[in-house]
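The sequence and the structure come first.

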Amino acid sequence: MKKEYKYLTLLFLITVVFCGLFYGSMMKQDHTYAIVEYQKEELLRFNIHEDAVYQVEGAVGIMNIEVQDGSFHVFDVDCPNHDCEKMGWIDSDSLIPMIVCLPNEIVITLE
């Protein structure tokens, strides 16, 4: 292989590695805020890095949201099936970064 092709190949590989690292760092987002929506209207926006407890009212009752150490979950929800409570704690690394309560028509998503 000629010397100039070796340099071009090396330059190409270095470029690909740096582009991959840059793209990977851009894809990793550090979510800070969560948005609580009821019937597609924003009820509440909170910082997940500030510990707090919130209460919102949905179609069938009250939903309590606890925020602690950069994550949140719902508890004591007035709904028939309590599937939203079973979703557990949500944070920036969660595979599904949202909690949905269908009976209450409430969706909490990370922004």
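In which sense do strand β1 and β2 pair, and over how many bridges? Strand β1, residues 33–38, and β2 are antiparallel partners over six bridges. The model is predicted: local features need pLDDT of at least 70, side-chain atom pairs count only at pLDDT 80 or more, and totals for chains, interfaces and linings use all residues. Residues are numbered from 1 along each chain as its sequence is written, and side-chain values use heavy atoms, with hydrogens and water left out.

**Sheet**
- The open sheet has four strands in the order β2-β1-β7-β6, with antiparallel pairing.
- The edges are β2 (41–47) and β6 (98–101); each has a single partner strand, so one side of each lacks a neighbour in the sheet.
- On average, neighbouring strands of this sheet are turned by 15° against each other, direction ignored; the axes are lines fitted to C-alpha atoms.
- Strands are DSSP runs (E, at least two residues), numbered from the N terminus, and two strands pair if DSSP finds at least two bridges between them.

**Cysteines**
- A search of the whole structure finds zero disulfides, a disulfide being a pair of cysteine sulfur atoms within 2.5 Å.
- C79 is in no disulfide, and its nearest cysteine sulfur, that of C101, is 3.9 Å away.
- C79 is buried at a relative accessible area of 8% (buried means under 20%, with a 1.4 Å probe and protein chains only).
- For C84, also in no disulfide, the nearest cysteine sulfur is that of C101, 3.7 Å away.
- C84 is buried, with a relative accessible area of 2%.

Note on methods. Axes are lines fitted to C-alpha atoms, for helices over the stretch in contact, and angles run from 0 to 180 degrees between N-to-C directions. Buried means under 20% relative accessible area, exposed over 50%, partly exposed in between (1.4 Å probe, protein chains only).
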